[in-house]
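This briefing looks at how two parts of one chain meet. Please read it alongside the sequence and the 3D view.

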Amino acid sequence: MNVFNDYSRYYDLLYQDKDYEAETSYIIDLINKYHKNTRDILELGCGTGKHASILAQNNFKIHGIDLSRQMLEIANQKSNPNTSFAFGDVRSYRINKKFDCVISLFHVASYQNTNEDLDNFFSTANEHLKSNGIFIFDAWYGPAVLTQLPESRSKTLENNQLKITRNAFSEVDFNENIVKVNYEIDIFDKINNLHHKLTETHNMRYLFLNEVKMLAKKHHFDLIDYHQFLTQQHASKESWGVCFILKKI
Ligand SMILES: C[S@@+](CC[C@H](N)C(=O)[O-])C[C@H]1O[C@@H](n2cnc3c(N)ncnc32)[C@H](O)[C@@H]1O
């Protein structure tokens, strides 16, 4: 079962406070810094297409893929002439086209749990890049996860139709570098006065710099930058999310 299918129904509500505009302008700054002539972008794990639609408004042409048909359905509602979306797995997707830039945002890399998954994720990025093209992705960062350790969290959000309460409790598999995030979600449909309960487990792989360096080398990339996502501070044990920028050699 794909956890993102149920997730998609409340994804945009749950992340309504996430600043996609600021994140996208940060990504555009990185593109301008490291590969200024970028026009065509492939997005691996585009979700509901929020970064894609802002990139498209900024004159980039963006093709997004995702494994959740429901997420893609929402992405397609935001579509414009500069966006296209397709069903695909970031580990195996192939299209006969090369892009200037591949992006993969909001921890899609961490959803690739095994070494083989990560290896295949890097292959997909490499296969679709022109030479000197750049690959930008963010992931949970091992030093921060292991020093801060995941905490139980609760979040409530609502709009005119829904009130959603999501409780998260996590367990760390220290041998496999995975955090199992168990979610209990209560969705209250205000219009029909109905409660719907869901449970989901998201397994998140935290990455270390040296394994990214090893994957980069194996897949013919240079790791040209890495830093705390968005703030661009030096990656440290304070940096839960770290962004890696690689250039295809
Ligand atoms: C946290 S969401 C991020 C979505 C989007 N990038 C954003 O920033 O809102 C993670 C996304 O990765 C997708 N995903 C996870 N593993 C995938 C895989 N192997 N192939 C394609 N999509 C995948 C999920 O379906 C989901 O849409």
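**Where the two domains meet**

Between domain 1 and domain 2 the count is 1 salt bridge, that is, a side-chain nitrogen of Lys or Arg within 4 Å of a carboxyl oxygen of Asp or Glu. Arginine 205 and glutamate 211 form a salt bridge, with their closest N and O atoms 2.8 Å apart. The model is predicted: local features need pLDDT of at least 70, side-chain atom pairs count only at pLDDT 80 or more, and totals for chains, interfaces and linings use all residues. Residues are numbered from 1 along each chain as its sequence is written, and side-chain values use heavy atoms, with hydrogens and water left out.

**Domains**
- Domain 1 covers 3-140 + 208-248 and domain 2 covers 144-205, with bounds from an automatic or database domain assignment.
- The C-alpha centres of domain 1 and domain 2 are 23 Å apart.

**Extent of the interface**
- In contact (heavy atoms within 4.5 Å) are 27 residues of domain 1 and 28 residues of domain 2.
- About 2,400 Å² is buried between domain 1 and domain 2, and carbon and sulfur atoms give 62% of this area.
- Buried area is the accessible area (1.4 Å probe) that two parts lose on being put together, summed over both.

**The side of domain 1 that touches domain 2**
- Helix H1 (3-14) and helix H5 (115-127) are the elements that give two or more residues to this side; helices here are DSSP runs (H or I, at least four residues), numbered from the N terminus.
- H1 gives the most, with 8 residues.
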